[in-house]
Amino acid sequence: MADKRLSITVPASSANLGPGFDSVGVAVNRYLTLYIDRAEEWEFFSNSSELSSLPNKENNLVYQAATAYAAEYDVELSPCRVEMVSDIPLARGLGSSASAIIAGIELADEMAGLHRSKEEKMQFASGWEGHPDNVGPSLYGGLIVGAYGEEKTHVMHCGVPDVDLVLAIPDSELLTKKARGALPSELPYATAIHGSAVSNVLVAAILKEDWKMAGEMMVRDVFHHPYRADMVPGLEEMLSGIRQYGAYGAALSGAGPTILCFVPSGKGEEVKQAIQEDYPDFRVETAKPAPFGSSVHYVNQPAGVSSSV
């Protein structure tokens with residue numbers, strides 16, 4: 001298709017939703033888009049402010065995921081020129097890495113003609129991450145509940161939550177590696193049982209679309225909120241008082257530092273303004289759950305660019 005170029009779009013994601021640690025995640029309508037042409041050598045570039053320090057080739061996560069996925073099937077990828085466009089904040093807990101991993105998998109799958117199933121892509125992606133709650137929503141869209149296993153990752157797609165999202169985004173980054181390092185190596189048995197029970201009620205509330213109950217469970221996490229609170233100034237205060245702003249509940253998004261709020265549909269802007277007034281050091285934005293996951297299609301070639309895709 002010499003007059004077309006490959007385009008891949010992947011939504012952001014928010015993992016955990018509090019007690020659904022490493023298991024529950026929702027797609028967010030912020031997107032990473034790739035425009036891909038065959039080339040003599042690999043090249044990655046972007047004019048997006050969120051990708052101002054974009055690594056090239058070997059250090060680029062899209063490249064790493066694409067070549068690793070191709071190698072899984074004993075395929076060597078031909079070089080590509082890749083334009084990356086993104087409005088997903090980096091290192092803010094909104095799945096910028098997960099979206100890059102899914103984009104790389106889709107790139108390799110299409111360019112190498114593999115055409116593997118979503119289940120196969122999910123197994124590879126969750127193995128890369130070690131858990132399915134970020135890559136799952138980016139691949140499937142909506143809200144997913146999953147459990148990673150080396151032999152098989154089990155994922156349930158739970159539809160698209162009928163809520164608005166409000167994102168409270170600090171200026172500072174929080175790298176996942178650092179946030180993971182704050183977690184304990186083990187929990188007391190009774191604490192783990194309590195955390196599991198809260199997580200179970202969260203999932204049941206989601207399935208029943210009881211967003212008030214889901215919000216109550218989001219703020220009662222014992223798996224990671226208590227250990228990451230010192231890394232996110234304002235987290236404990238916002239979680240304890242979030243319902244006074246009209247939200248159902250809130251949770252640290254992924255490893256943070258963004259705080260994700262579930263809000264009654266149609267009330268996002270109102271809640272955003274109220275939170276912004278009390279938390280001027282945060283950038284507060286409205287969003288929606290993204291209904292669809294990664295998409296692959298061909299678009300018209302821009303003038304002056306040739307391709308053999």
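**Exercise 1.** What span should the twelve residues of helix H1 (residues 61-72) have, and how far apart are its end C-alpha atoms?

*Solution.* Helices are DSSP runs of H or I with at least four residues, numbered from the N terminus. The expected span is 1.5 Å times one less than the number of residues. For H1 this gives 16 Å, and the end C-alpha atoms are 16 Å apart, which agrees.

The model is predicted: local features need pLDDT of at least 70, side-chain atom pairs count only at pLDDT 80 or more, and totals for chains, interfaces and linings use all residues. Residues are numbered from 1 along each chain as its sequence is written, and side-chain values use heavy atoms, without hydrogens and water.

**Exercise 2.** At what angle do H1 and H2 pack, and how far apart are their axes?

*Solution.* Axes are lines fitted to C-alpha atoms, for helices over the stretch in contact (heavy atoms within 4.5 Å), and angles run from 0 to 180 degrees between N-to-C directions. The angle is about 45 degrees and the axes are 7 Å apart. Among the residues that make the contact are Leu61 and Val62 of H1 and Ser97 and Ala100 of H2.

**Exercise 3.** Is Asp164 buried or exposed, and which backbone nitrogen does its side chain reach at 2.9 Å?

*Solution.* Buried means under 20% relative accessible area, exposed over 50%, and partly exposed in between (1.4 Å probe, protein chains only). With a relative accessible area of 9%, Asp164 is buried. Its side chain reaches the backbone nitrogen of Gly266 at 2.9 Å. The backbone nitrogen of Gly268 also lies 2.9 Å from a polar atom of the Asp164 side chain.

Conventions
Helix = DSSP H or I, 4+ residues; strand = E, 2+ residues; numbered from the N terminus. Polar contact = N/O pair within 3.5 Å; in protein donor to acceptor, adjacent residues only side chain to side chain.
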